[in-house]
Amino acid sequence: MWFRDFYPKSTPKAVKGGIKAQSKTGAFGKSWWAKRWIEVLESFNIGARLGRGRSYARKGQVTDINIGPGKVTAKVQGSRPTPYAVTITLPKLTEKDWEKLVAELNTQAVFAAKLLAGEMPQDIETAFTKAGLSLFPKSLEEIETGCSCPDWSNPCKHIAAVYYLVGEEFDRDPFLLFRLRGTDREMICGHLNTGSGNAAVAAEPEPSVAPEPLPEDASAFWASTPLPADLCGEVRLPPVSAAGPKRLGGFPFWRGTDRLLDAITPIYSRAAERGLALFETENVTPHDTTSAQS
Amino acid sequence: MLLLQCGFADGHCLIWGERNLRPDDPHSGAATKRTSPHPFAATANELNAALTAKGTTSQSAMIWLPTIADTPLPSSPLLGESPTGTPKVKPWQVAAVVLETDDLLGFLAGIGDRPTLAPGVGVGVTLRYWGEALRFASALVAREQFLPDLVQRGKKWFARWTPTIAGADATRIDRLARAMPPACRAIGEKLPDRAANEVLREFVAFAVDRLVRGPLPEKPRKQFDSIHDDWLHALKSATGAMLGSDTDVSQLATQVREWRAPIARAEAAPFRLCFRLDEPDEKDRRQTWEVRYLLQGRDDPSLHIPANDVWAGKASVARTDLKPILLAGLGQAANLSPDVDASLKTATPAGFSTTTDGAHRILNETAWLLEQAGFGVLLPAWWTGHATKQQLEVTAKVKSPPMSGGGGLSLEDLVQFQWSVAIGDQELTLAELQELAKQKASLVRLRGKWVQVSADDIRAAIELLKKKPAKIAARDVMKLALGITPEDTPLNARGAIASGWIEGFLKELTNATFAELEPPAGLHASLRPYQVRGYSWLAFLRRWGLGACLADDMGLGKTLQTLALLQRERENGEKKPVLLVCPMSVVGNWSRETARFAPNLSLLIHHGPNRAKTKAALKKDATNAAIVLTSYGLLARDQKLFEPMKWSGVILDEAQLVKNPNTKTAQAARAMTAEFRVALTGTPVENHVGDLWAIGQFLNPGLLGTATAFRREFFTPIQHHQDARAMERLKRLTGPFLLRRLKTDPTVIRDLPAKIETTEYCTLTREQASLYAAVVNELDKELGDVQGIKRKGMVLGALSKLKQVCNHPAQFLGDRSAIPNRSGKLTRLTQMLEELLDAGDKALVFTQFTEMGDIIRRHLQETFAREVLFLHGGTSRKQRDAMVERFQSPDGPGVFLLSLKAGGTGLNLTAATHVFHFDRWWNPAVETQATDRAFRIGQTRTVQVHAFVCSGTLEEKIDEMLARKRSVAAKVVGNGEAMLTELGDDQLREVLALRPNAVED
């Protein structure tokens, strides 16, 4: 192929603190919806650019990603001093389309349940199809991609890198996929069979606490009411470490050198043991009463 | 006295201290400076000495306290009386130690409910409170209820580990906040007014962050590749300060918020999804189990809303729509349970049905997963109720020959036994077990109750049933009966079913149906009915070579019951002596009570410089002795002499003194060879789980397992986790060897007289003895030359000096010198008060010397950190009435000290059940009048009167003289001291001379 000579293999400028793919080897995307997204990219048949795109994504060459309604904009550091600007555009669905979809989603609780739980329901594509719509781009023509690099190929490796990372983001937050199709979580949940939207789920504002001035009266000031019994509940080490962060899943666009979970899991298990040891601290009497007797 | 206090503000936890108010101290110029130094606060050095923790940093802090006329009011009357007036909160400067090292964290978490840390160092209310709060925080950390976070303080950002407090913990922290003394949040540069709840939550966040960060934080790194690396480093550094640019950090803050959103949402929701497993209807042949979905109130967990009501829109609480909560919960739970996932195919799922196998999976796995993920799970009571949870258990069936009259049986005898297997109260045959094994079902319904049986257990049970009958020692049968599973048995042992003599023995042991014995003929006392029972119980356990802990309330006659046992032993032909160990302060008491109640028992006191120094000498001295009496100190020191002796028994008096199993004394006690062992104590041992092991190990070695096993199985579950089942097991295991009767027990109270009077014989310390000798010598020198009034005055003066020496050297010397361990009487008083205060009793203590009253008060307050009232000649009528009222109120102080002159008449102090005469008036009429303060109309309980006498001194002589003329004493308004002045020189010398064995070793 003649273009190989025209564009010699280039080495990208090293970036520190770029967005790093959480997957280290193998395929990108764990959830089925992320996989479906990536399948669309891989159907473009752009050969070796896929592999380079993956390694860009893993090395952290992508320095910024922004997912908006119908459009992804990103910056990718290539071999030139200024990063390239990448855009991925998808057609937005209309208000009418969404209404049709919501009516279909309301036939099974699983859709609302999974969406509210932050997951993409497995059968949502069927619901889209039944509504005469499609969640993922139906054809390659529906996706418009652009990059400021000199590579004639579109998608290029920079676009591919962004595409992979967006796929990983979908793992974390499936609603990004809806955002890309022109709506958001609030709109979808608001129309699902959940009544008046998700008012109850939204965090309530912190109630402002009234000040409690110190009492002037000495007995009230030093008053010690008996402490409640069963203050601490059952105390034992959890069988699985760092279950909390594991439940929360990946961190948005993680750029750290180590994976977040790898970095904090040992902290969790060490802390739990320290906590238990402190909880079980003895009431050691500093002086031994026996020695005073003779 | 130093009371340690603790305050928390602005992310700093500070320990400070209050000392006694000293009204004579000049106040430093309060008027000029805005904040003046707290006049009675502990200095940094005093704090560090009291904390005994290393590597602390101290700083000066501002504390806001109610203040009257430039005197900050103390937290407790222990520190002195507050001035009168209207208080105003004012700032004071104090020295404070910063809570940051692991040592200090451990110190604070271990505060618990002890009143003092050391004599003179008390635990203030705020220190105790923050100790509890720290334990709450450590429980959160142990359960890993925390997440990495980013918080802004002023303009700076910090990486923090913040607690996630939801569900029951939210209720708990609110309850804890309501219990906070305002003094806990009185630290700060400005007048603090922040709500208790806010301050507590901040403290918990502070403590959790500190605990997760650990003792060895990493150095902050200036260089990092991304803001995320900056965050990770800061989460491990000492301060948590973020170093990245403001834009980057605030962007990260958004990401962190987004990441944590699901948890924040769940915490904010007023309800959580809850799963309830319903067992099949009895008639249901197909055995369908149902799991139902409900919403459970976060603040009120008993509020349940069925899913169907939610779908129907029926349930609307505070105008919140509940559907999203239900749906979001189901969506998450679907990942943990395929059944939940499948149920979501309908529009309004309310639950699902499952099979018995499915129910088994839910009980054993899914329920746990769901609970861990924060959902509510309601399981059938037979599953959750630990106490009633049924499992495959084994029982030993034991055959032994019938009890024959001749005796000769022992716990070392071997008997036939075979295992039987049961679930609940249903015994299973081998065939039934084999059938169960075939079914492979893990949940089975037996007599309408569901039971889980694991395949391993069934296999183990079949193995056990197939075994041939074997032999086992009777002692092991007893252990089985007490609930101890032998190490090589794969299934839990429930107990033993025995026939023959073992059946009889076990019944007597566990149901206390042992025979009541006739008191021994040689005992010079009549036993009250409960004492007969106690003595018979001691004899029963002794018969089987088992150790007994007699823990009757003070005054019920533990000594007498023990002497009855020893008398019986001798009458039954025992030739070997018993080793009796007690604190030095009661050696005199034992020797007197023995002489009085069991004069046939010859007693050897192993004590003093003339005691036996070699094994042979001891053996020779002890040949004819029934009792060898020694002190704890000498037990350890002369262990080599005692150890080779063949003791009939070893008895520890005040056995709580050997509660620390690692001391030389405790080790020496365990090292003795004896046929039986008895421990005597008046403290409620059963309340001090930690102390039980040492006493148990002395009494019945091995019964409570190793110290480590005891900790694991009993101490930690009971002390830290309030495990009722472990408590129950411990009771079953120790109950047969522990007898504790209270004076208030109906069976005891009707046997008790209204008033019990005892003389407590105390010993002098060496220092007291030499001072005593010096006073006597001085008098001796001067006596020959004087006559008449002058002689009388001189004698009376010397008597007064001797009484002071017997009381306390510091009283005699009048030099405000140190108090502890210098007076046998005071040591004895402290011991007795500790015991009775522990049991919830109150006491009056009379002394005729105001100076001695001051010493006693200071010493008791510093030892117990409890207020001691003191009524003396200088007390105003108003103060006196207030004291009486406080003493009489149930929560009031437990000890009332009265100088005999001031407190002798007119007062009604019936809250007291003990009266101590620390020194003696030698006038029975006056003493009786004093005693009657407690023994008055309105007194419904037995009053015990303890008259203190130093043995071998003039106190004892006068006591004897008065006792001889007791019959006429009521009429005689005479005075014991006046009698002495009438004696001739030689007689006087004899009365005053110090007799041997009066001095502690």
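1. In chain A, Phe136(A) touches Arg36(A), Trp37(A) and Val40(A), leaving aside residues up to four places away in sequence; two residues are in contact if their C-beta atoms, placed from the backbone, lie within 7 Å. Phe136(A) sits in the loop between helix H6 (124-130) and strand S4 (144-147) of chain A, where helices (H or I, at least four residues) and strands (E, at least two) are DSSP runs, numbered from the N terminus. Phe136(A) is partly exposed because 17 other C-beta atoms lie within 10 Å; a residue is buried with 20 or more other C-beta atoms within 10 Å of its own, exposed with 12 or fewer, and partly exposed in between. From Phe136(A) to Gly182(A) there are 46 residues in sequence and 12 Å in space, C-alpha to C-alpha.

2. This is a predicted model, in which local features need pLDDT of at least 70 and side-chain atom pairs count only at pLDDT 80 or more, while totals for chains, interfaces and linings use all residues. Residues are numbered from 1 along each chain as its sequence is written, and chains are lettered from A and ligands numbered from 1 in the order in which they are written.

3. The confidence of chain A deserves attention: its average pLDDT is 78, and 84% of the residues score at least 70, pLDDT being the predictor's confidence in each residue, from 0 to 100. In chain A, confidence is highest in H12(A), at a mean of 92, and lowest in H13(A), at 36. The pLDDT is below 50 over residues 195-205 of chain A, a stretch with 24 contacts in the model beyond near neighbours in sequence. It is also below 50 over residues 284-294 of chain A, where the corresponding contacts number 26. Where pLDDT is low, the predicted coordinates should not be read in detail.

4. As for the make-up of chain A, it has 13 helices and four strands, and buried residues make up 40% of its 294 residues. Of the contacts in chain A with a separation of 6 or more, 70% are between residues 24 or more positions apart.

5. Chain B has 39 helices and 35 strands, and of its 1001 residues 45% count as buried. Its C-alpha atoms fill a box of roughly 115 × 95 × 55 Å, taken along the principal axes. Residues 24 or more positions apart account for 72% of the contacts in chain B with a separation of 6 or more.

6. Where the chains meet, 89 residues of chain A are in contact with 103 residues of chain B. Helices H5 (109-116), H10 (218-221), H11 (243-248), H12 (260-279) and H13 (289-292) of chain A each supply at least two residues of the side that touches chain B, and the largest share of that side, 12 residues, comes from H12(A).

7. Within chain B, helix H24 (residues 689-699) and helix H25 (residues 707-721) pack at an angle of about 155°, with their axes 9 Å apart; axes are lines fitted to C-alpha atoms, for helices over the stretch in contact, and angles run from 0 to 180 degrees between N-to-C directions. H24(B) is therefore roughly antiparallel to H25(B), since angles under 35 degrees count as roughly parallel, over 145 as roughly antiparallel, 65 to 115 as roughly perpendicular and the rest as oblique. In this pair, Val689(B), Gly690(B) and Trp693(B) of H24(B) meet residues of H25(B) including Phe710(B) and Phe714(B).
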